[in-house]
Amino acid sequence: FHLHPQLPVSVHAVFDGHGGEWCAQFVKVRFEKEMRKNLLDPLDGIYGKNRPKFNACVKKALDKTFTNLDEEY
């Protein structure tokens, strides 16, 4: 997905269904929207006020994405 023309982001994932087929489908449908929200967070996102270095920002967004999806599921 693209957040900015000069910043394409590629994410490759295998949702293997350890939590069941419904869990894998749930994550597949919701992952991109949640990840985009966390990468663009106004405080900790890639353009945010408190943003860490880019790699740390992406790691934080991934951690937050999976935590939020886990709680939502």
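The protein averages a pLDDT (the predictor's confidence in each residue, from 0 to 100) of 85, and 95% of the residues score at least 70. This is a predicted model, in which local features need pLDDT of at least 70 and side-chain atom pairs count only at pLDDT 80 or more, while totals for chains, interfaces and linings use all residues. Residues are numbered from 1 along each chain as its sequence is written, and side-chain values use heavy atoms, with hydrogens and water left out.

**Confidence by element**

- Helices (H or I, at least four residues) and strands (E, at least two) are DSSP runs, numbered from the N terminus.
- Confidence is lowest in strand S1 (residues 2–4), with a mean of 69, and highest in helix H2 (residues 54–72), with 91.

**Nonpolar core**

- A nonpolar core is a set of buried Ala, Val, Leu, Ile, Met, Phe, Trp, Tyr and Cys residues joined through side-chain atoms within 4.5 Å; buried means under 20% relative accessible area, exposed over 50%, and partly exposed in between (1.4 Å probe, protein chains only).
- The largest nonpolar core holds 11 residues, among them Leu-3, Phe-26, Met-35, Ile-46, Cys-57 and Leu-69.
- Helices H1 (21–39) and H2 are the elements that give two or more residues to this core, and H1 gives the most, with 5 residues.
- Ile-46 is in contact (heavy atoms within 4.5 Å) with Leu-3, Leu-7, Leu-39, Leu-40, Arg-51, Phe-54 and Cys-57, leaving aside residues up to four places away in sequence.

**Largest cavity**

- A cavity is a set of points, on a 1 Å grid over the protein atoms alone, where a 1.4 Å probe fits but cannot get out; lining residues have an atom within 4 Å of a point.
- Grid points are joined across faces, edges and corners, and a volume is the space filled by probe spheres set on the points.
- The count comes to 1 cavity of 30 Å³ or more, and the largest cavity has a volume of about 30 Å³.
- Its lining consists of Asn-38, Asp-41, Asp-44, Cys-57, Lys-60, Ala-61 and Lys-64, with H2 giving the most, at 4 residues.
- The lining of the largest cavity divides into 2 nonpolar, 1 polar and 4 charged residues.

**Individual residues**

- Glu-34 is found in helix H1 and counts as buried because its relative accessibility is 11%.
- Glu-34 touches Thr-65, Asn-68 and Leu-69, not counting residues up to four places away in sequence.
- Gly-17 lies in the loop between strand S2 (7–8) and H1, and counts as partly exposed because its relative accessibility is 25%.
- The C-alpha atoms of Gly-17 and Glu-71 are separated by 16 Å, with the two residues 54 residues apart along the chain.

Terms used
On a 1 Å grid over the protein atoms alone, a cavity is a set of points where a 1.4 Å probe fits but cannot get out, and a pocket is an open set with protein on both sides within 12 Å along at least five of seven lines; lining residues have an atom within 4 Å of a point. Ala, Val, Leu, Ile, Met, Phe, Trp, Tyr, Cys and Pro count as nonpolar, Asp, Glu, Lys and Arg as charged, and the others, Gly among them, as polar.
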